[in-house]
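User: I'd like to learn how to read pockets, cavities and helix packing in a protein model. Could you walk me through one?

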Amino acid sequence: MRICVSIIESNIEGALASAKRALRAGADLLEIRFDHMNELPRDLSPFRTIPAPKIATLRPVDHGGKWNGDEDGRLSFLKRAMEHFQMVDVELGTEVAERINPPARIRVICSYHDFRSTPSPQRIVSLLEAARDLGDVPKAAFMVNGPEDLLHLEEASRLEDGDREEEKVLLGMGDLGSITRMRADLLGSAFTYASLSEGLEAAPGQIDIETMKWLGENPVITGITGFPLSHSLSPPMHNAAFKHLGIPGIYLTFPAEEGELSPLTDVIRRYGIRGMNVTIPHKEAIMEFLDSVDGIASKIGAVNTVVNDGSLLRGTNTDVVGIRKSFENAGMEVREKKVLVLGAGGAARSCCAFLCDAGAEVMVVNRTPSRALKLERDFPCVRVITEQEALEVEFDAVVNCTPLGMRGFPDVLPVTPEVFRRGQFVMDTVYNPPITRFMDEARKRGAKVLSGIEMLIYQAIAAFEIWTGSTPPYEVMARTVRERLE
Ligand code: NAP
């Protein structure tokens, strides 16, 4: 996969220095975005000293660039640039694209950008065809707003590839579109664009050259879906693990709303995504779109990890590993111990799966009794009780499996603090903030407390192992979590 670095500098000196840096970083070709310069350079001959194919681009404002001069001025500049550059980029639908008339040695990229949306595959193909009529390399870039858009791009590339062998560049923009830059070969692109470094993106979703080189031809692509995902700690944890272990891989976010899970699972298959974590609110809903769900995830009734084996998607649940490791590391042996679980959702079901397996006696208090009764039916060691009844039992451990106390949720206790006692083990599955009111109240009453951070880290380690076969050190992941939560 060839990589073109887009250089956005305000003057020629900066552009030349950045071009050299890009080549040292491994760029195969360079695009100089002259529309980012404060003024157009008179002498373009210094670019001859840069030993790589170069594209001259002077993108007008209404096509996503910064040039606000007229078309005559643009045309005359690009004609001058053709004396020193090997390629020029002109935009479909502009006067310049019609009038460029280049000498035979110059290759023209005819580009189309839509910074708002991605159209149907048929429309993408017709735009590429229109661009091909005016240039040697048609380029089309679209804002990706959801998984369906990624499928449109992939379908368009297949429709196109059916009858054409010529070069093209097809890509998606925005965070969700960034996978199309790593899977440029899949979309049949002759090359892909990268930024010189983070913060210097010429288009939304561009990845820096260093990362692109590190990822190479066939990176392990993983990620997380849910909604919203803006505060997820999983991307920094997994990306740190990939880096630490020297595995070329990346963990991306795939925000998806209800109704987008079917296209999302098709994206996993078609883009060769190795694995995906699933979080609120899709842990249950994702199951019907998978090829199989393993025993533990079926028992819990929720999938937090999907693994793609040759386009067959299997769902599993590593939250239960996170809970087990949290108890084990705290030295909390639960056999024949009384444990109070607060909540009856996915986290509570994972917790009960571990506790029943380990021989504990579990009592559940939940706001909605019917949901708790389902837990009681599914897990033989569970008994549903009221908060009042909980006060009459001396629990060895208490686990909060509700979101109460989590940033963005009401900061109220999920149970009266009178259930806490000296020597008890109290765990919150909430990890943000790292010390919750629930933990604080328990500690004041002499309990030994643990935050949900441990669970978060161990469920991530287990998912990473499933996807890559390698185990990231706990400390590598813990450090990134601490940094983000501080
Ligand atoms: P869920 O399936 O939506 O279940 C939430 C549970 O909390 C339900 O039992 C719900 O009661 C109860 N609840 C919600 N709001 C409440 C309120 N205002 N008052 C009383 N009860 C309330 O969610 P989940 O997947 O189990 O996740 C729950 C929490 O676990 C998350 O917020 C997160 O903090 C934590 N978690 C942590 C990790 C980790 O790695 N540390 C992993 C997974 C989850 P009803 O049945 O009455 O609705």
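Predicted model: local features only at pLDDT ≥ 70, side-chain atom pairs only at ≥ 80, totals over all residues.

User: Let's start with the largest pocket. How much space lies in it, and which residues lie nearest its centre?

Analyst: A pocket is an open set of grid points, whereas a cavity is one the probe cannot leave. Here the largest pocket holds about 1600 Å³ of space. Its lining comprises 49 residues, and those nearest the centre are Ile280, Thr402, Pro403, Met406 and Phe409.

User: Which helices and strands each supply at least two residues of that lining, and which gives the most?

Analyst: At least two lining residues come from each of β12 (275-278), α12 (346-357) and α16 (453-468). The top contributor is α16, with three residues.

User: And how do the residues of that lining divide by class?

Analyst: The lining of the largest pocket has 24 nonpolar, 18 polar and seven charged residues.

User: What does the second largest pocket look like in the same terms: how much space lies in it, and which residues are closest to its centre?

Analyst: The second largest pocket has about 1100 Å³ of space. It is lined by 37 residues, with Glu198, Asn239, Ile250, Tyr251 and Leu252 closest to the centre. Elements that each supply at least two of its lining residues are β9 (207-208), α7 (209-215), α8 (234-245), β11 (249-255) and α17 (474-485). By class, this lining divides into 15 nonpolar, 13 polar and nine charged residues.

User: You listed α8 and α17 there. How should I read the way two helices pack?

Analyst: Two packed helices are described by the angle between their axes and by the distance between those axes. For α8 and α17, the axes come within 8 Å and cross at roughly 140 degrees. The two helices are therefore oblique to each other, and their crossing is right-handed.

User: Which residues in α8 meet which in α17?

Analyst: On the α8 side they are Pro236, Met237, His238, Ala240, Ala241 and His244, and on the α17 side Val476, Met477, Thr480, Val481 and Arg484. This contact is made up of seven nonpolar, three polar and one charged residues.

User: Could you give me a second pair, with α12 in it? At what angle do the axes of α12 and α13 cross?

Analyst: The axes of α12 and helix α13 (residues 369-378) cross at roughly 25 degrees and come within 11 Å. Because angles under 35 degrees count as roughly parallel, α12 is roughly parallel to α13. Their crossing is right-handed. Ala348, Arg349 and Cys352 in α12 meet Lys374, Leu375 and Asp378 in α13, a contact with three nonpolar, no polar and three charged residues.

User: Now the cavities. How many are there of 30 Å³ or more?

Analyst: The count comes to two cavities of 30 Å³ or more. The largest cavity has a volume of about 130 Å³ and is lined by 17 residues, with Arg33, Arg59, His113, Lys139 and Ala203 nearest its centre. Strands β2 (29-33), β6 (137-143) and β7 (169-173) each supply at least two residues of that lining. Its residues divide into seven nonpolar, five polar and five charged.

User: What lines the second largest cavity?

Analyst: Ser6, Ile7, Ile8, Glu9, Ser18, Leu196 and Leu200 line the second largest cavity, where about 30 Å³ of space lies. By class, that lining has four nonpolar, two polar and one charged residues.

How values were computed: Residues numbered from 1 in each chain as written. Heavy atoms only, no water. 1 Å grid on protein atoms, 1.4 Å probe; cavity = no way out; pocket = protein on both sides within 12 Å on 5 of 7 lines; lining within 4 Å. Points joined across faces, edges and corners; volume = space filled by probe spheres on them. Helix = DSSP H or I, 4+ residues; strand = E, 2+ residues; numbered from the N terminus. Nonpolar A, V, L, I, M, F, W, Y, C, P; charged D, E, K, R; others polar. Axes fitted to C-alpha atoms, helices over the stretch in contact; angles between N-to-C directions. Parallel < 35°, antiparallel > 145°, perpendicular 65-115°, else oblique. Left-handed = near helix turned anticlockwise from the far one by under 90°. Contact = heavy atoms within 4.5 Å.
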